Amino acid sequence: MSAGSEPASPYAPPATASPALRVPVSPAAASSQLRTLGVLHHILGALSFAGAVVFGIILVFGFTQEAAEGFTDPVGKATIAVFGVLTIGSLIGGVLCIWSGLHLLRHTRTGLCTTVAALLCLHVPLGTALGIATLVILQRTDTRALFDATGASR
């Protein structure tokens, strides 16, 4: 039996990619998608700031309770440390998300936008969906052309 007459495995990749699967997007549509992503990044950044406020309130409450007891409880000190890290992490995440959203709206700094989108994938579930959508849209050639047109794609 020759190699050409063997049936193809159902698990084998297609021989060639179908050109019908790649639909070109107009620059106006790509710009609209980037604007939508920018707004969603701002919304997620605002939600991160809201989470930081909640964590900060819990941190202040726990700190005052532990201060009244003389910081003798090791679990209380560990809880203060955890909520301190959560507060700082939420603040940093919110700043990065809003900063990335600004650059998505301006079509600048693809590296920053890609990095923040990858980090957003760790922010389950909303950040994961937004991060994956951002990564997919940023990898398209039409979107890259918009960033290249501004001249500040780094």
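Among contacts in the chain between residues at least 6 apart in sequence, what percentage join residues at least 24 apart? The figure is 70%. Contact here means heavy atoms within 4.5 Å.

This is a predicted model, in which local features need pLDDT of at least 70, side-chain atom pairs count only at pLDDT 80 or more, and totals for chains, interfaces and linings use all residues. Residues are numbered from 1 along each chain as its sequence is written, and side-chain values use heavy atoms, with hydrogens and water left out.

## Overall build

The chain has five helices and zero strands. Its pattern along the sequence reads α-α-α-α-α. Helices (H or I, at least four residues) and strands (E, at least two) are DSSP runs, numbered from the N terminus.

Of the 154 residues in the chain, 29% are buried. Buried means under 20% relative accessible area, exposed means over 50%, and partly exposed lies in between (1.4 Å probe, protein chains only). The chain exposes about 9,600 Å², and carbon and sulfur atoms supply 73% of that area. Accessible areas come from the Shrake-Rupley method with a 1.4 Å probe; for residues, only the protein chains shown count as cover.

## Helix 2

Helix 2 covers residues 74–106, which is 33 residues. At 1.5 Å a residue it should span 48 Å, and its end C-alpha atoms are 48 Å apart, so the two values agree. The expected span is 1.5 Å times one less than the number of residues.

Which helices do the buried residues of helix 2 pack against? They pack against helix 1 (27–68), helix 3 (110–120), helix 4 (126–138) and helix 5 (141–150). The buried residues of helix 2 include Gly 76, Gly 84, Gly 94 and Gly 101. Also among them are Ser 90, Ser 100, Cys 97 and His 103.

His 107 follows helix 2. This residue lies in the loop between helix 2 and helix 3. His 107 is buried, with a relative accessible area of 12%.

Ser 48 sits in helix 1. Is Ser 48 buried or exposed? Ser 48 is buried, at a relative accessible area of 13%. Leaving aside neighbours within four places in sequence, Ser 48 is in contact with Ser 90, Gly 93, Gly 94 and His 123.

Thr 134 is in helix 4. Its relative accessible area is 0%, so Thr 134 is buried. With neighbours within four places in sequence set aside, Thr 134 is in contact with Leu 37, His 41, Leu 104, Cys 113 and Ala 117.

## Aromatic pairs

Rings of Phe, Tyr and Trp (its six-membered ring) pair if their centres lie within 6.5 Å; planes under 30 degrees apart count as stacked, over 60 as edge-to-face and the rest as tilted. The count comes to two aromatic pairs.

| Pair | Distance between ring centres | Angle between planes | Class |
|---|---|---|---|
| Phe 55 and Phe 83 | 6.0 Å | 55° | tilted |
| Phe 63 and Phe 71 | 5.2 Å | 55° | tilted |

Phe 55 in helix 1 and Phe 83 in helix 2 are 28 residues apart, and their pair links distant parts of the chain. Phe 55 is partly exposed, with a relative accessible area of 24%. Phe 63 counts as partly exposed at 44% relative accessibility. Phe 71 is also partly exposed, at 31%.

## Loop backbone

Phe 71 is found in the loop between helix 1 and helix 2. Its phi is near 55°, a positive value in a residue other than glycine. Pro 125 lies in the loop between helix 3 and helix 4. A cis peptide bond joins Val 124 and Pro 125, with omega about -5°.

## Nonpolar surface

Val 39, Leu 40, Ile 43, Leu 47, Trp 99, Leu 102, Leu 105 and Leu 126 make a nonpolar surface patch of about 680 Å². Patches are made of residues with over 30% relative accessible area and no salt bridge: like charges are joined within 9 Å, nonpolar side chains (Val, Leu, Ile, Met, Phe, Trp, Tyr) within 5 Å. A salt bridge is a side-chain nitrogen of Lys or Arg within 4 Å of a carboxyl oxygen of Asp or Glu.

Which helix gives the most to the nonpolar patch? Helix 1 does, with four residues. Helix 1 and helix 2 each supply at least two. Leu 102 belongs to helix 2. Leu 102 is partly exposed, with a relative accessible area of 31%.
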